[in-house]
Amino acid sequence: MELKFVIGQRLKIVREKNKLSQYDIAKELNIAQATIAQYERGRTCAPAEILDWYHKRFNISFDYLFGYVDDIKEILTSDDKTEEMRKLIRQEMDQYFKDKK
């Protein structure tokens with residue numbers, strides 16, 4: 001599954017576990033509710049600053065957001081997984097910026 005879909009699913013799970021609506025998240029981030037919907041559906045990959053906001057706001061690991069672990073609080077320490085994650089992040093960010101042009 002493409003990383004942006006995994007991230008989108010995880011963002012939705014986190015939002016729902018915290019009993020928040022897309023509107024609530026959008027309001028806190030000062031962006032449109034439709035943007036949150038696009039992230040959650042995997043139509044658009046949430047930019048790094050949005051992912052960092054979720055990480056800090058909900059105290060969740062990036063490993064969880066990127067689908068490497070299923071437990072929200074679990075953090076991977078394996079160098080192999082870390083390198084794999086870096087490659088995927090680079091690919092997604094490259095694609096994101098390419099699409100923005």
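Four salt bridges turn up in a search of the whole structure; a salt bridge here is a side-chain nitrogen of Lys or Arg within 4 Å of a carboxyl oxygen of Asp or Glu. Side chains of opposite charge can pair when their charged atoms come close. Keep in mind that this is a predicted model, where local features need pLDDT of at least 70, side-chain atom pairs count only at pLDDT 80 or more, and totals for chains, interfaces and linings use all residues. Residues are numbered from 1 along each chain as its sequence is written, and side-chain values use heavy atoms, with hydrogens and water left out.

**Salt bridges**

- Arg-10 pairs up with Asp-70, and their closest N and O atoms are 2.9 Å apart.
- That pair links distant parts of the chain, 60 residues apart: Arg-10 sits in helix 1, and Asp-70 in the loop between helix 5 and helix 6 (79-100).
- Arg-10 is buried, at 10% relative accessible area, while Asp-70 is exposed at 67%. (Buried means under 20% relative accessible area, exposed over 50%, and partly exposed in between, using a 1.4 Å probe and protein chains only.)
- Glu-28 forms a salt bridge with Arg-57, again with closest N and O atoms 2.9 Å apart.
- Glu-28 is partly exposed at 41%, and Arg-57 is partly exposed at 36%.
- Lys-56 bridges to Asp-52, with 2.9 Å between the closest N and O atoms; both lie in helix 4, four residues apart, or about one turn of the helix.

**Overall layout**

- The chain has six helices and zero strands. (These are DSSP runs numbered from the N terminus: helices are H or I with at least four residues, strands are E with at least two.)
- Of the 101 residues in the chain, 40% are buried.

**The nonpolar core**

- In soluble globular proteins, nonpolar side chains tend to be buried together.
- The largest nonpolar core has 25 residues, and Leu-11, Ile-25, Tyr-54 and Phe-58 have the most contacts inside it. (Such a core is a set of buried Ala, Val, Leu, Ile, Met, Phe, Trp, Tyr and Cys residues joined through side-chain atoms within 4.5 Å.)
- Helix 4 gives the most to this core, with five residues.
- Setting aside neighbours within four places in sequence, Leu-11 is in contact (heavy atoms within 4.5 Å) with residues including Tyr-39, Leu-51, Tyr-54 and Leu-65.
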